[in-house]
Amino acid sequence: MTERTRTITERLSPHLFWDIDKEHFDADTISAQLIQRVLENGEMSDWRAVRDFYGHDRIANDCKTLRSLHPAALSFVCLVTDTRKEDCRCYTFRQSHPTLWNY
């Protein structure tokens, strides 16, 4: 693990890493996965840590490529990073493939 990765893993809640070996992952390689976990399951302190580590531009770019993201998390990240929902892959997919369930 690099020193840069160690700084972010020490600041994040342990429950976010239930299926990841923290000693063998690179925070820059799986940034989209880590950002999604924090947005959907993290606490506000986790959000602050990710924001400080990646910055708004990287978070917005990674969220645009995600296939799925909880609607509340999508709204939050779009508001904070000044991004349009329509630019996000998960939003356009949901709009073009409606479901019977409203969740």
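At what angle do the axes of α3 and helix α4 cross, and within what distance do they come?

**View 1. Crossing of α3 and α4 in the predicted model.** The axes of α3 and helix α4 (residues 56-65) come within 6 Å and cross at roughly 105°; axes are lines fitted to C-alpha atoms, for helices over the stretch in contact, with angles from 0 to 180 degrees between N-to-C directions. The two helices, α3 and α4, are therefore roughly perpendicular to each other (65 to 115 degrees). Helices are DSSP runs of H or I with at least four residues, numbered from the N terminus.

**View 2. Residues joining α3 and α4.** From α3, W47, V50, R51 and Y54 meet H56, R58 and I59 of α4 (contact: heavy atoms within 4.5 Å). By class, this contact has 4 nonpolar, 1 polar and 2 charged residues; Ala, Val, Leu, Ile, Met, Phe, Trp, Tyr, Cys and Pro count as nonpolar, Asp, Glu, Lys and Arg as charged, and the others, Gly among them, as polar.

**View 3. The two faces of helix α1 (residues 3-11).** T5, I8 and T9 are buried (under 20% relative accessible area, exposed being over 50%, with a 1.4 Å probe and protein chains only). These three residues lie on the same side of α1, because they cover an arc of only 100° around the axis, taken from the directions from the helix axis to the C-beta atoms. The buried residues of α1 pack against α3 (44-54), whereas E3 and E10 are exposed on the face turned away.

**View 4. Helix α5 (residues 71-81) and the residue after it.** A73, L74, V77, C78 and T81 are the buried residues of α5. They cover an arc of only 130° around the axis and therefore lie on the same side of α5. D82 follows α5 and has a positive phi, near 55°.

**Notes.** Residues are numbered from 1 along each chain as its sequence is written, and side-chain values use heavy atoms, leaving out hydrogens and water. In this predicted model, local features need pLDDT of at least 70 and side-chain atom pairs count only at pLDDT 80 or more, while totals for chains, interfaces and linings use all residues.

How values were computed:
Angles under 35 degrees count as roughly parallel, over 145 as roughly antiparallel, 65 to 115 as roughly perpendicular and the rest as oblique.
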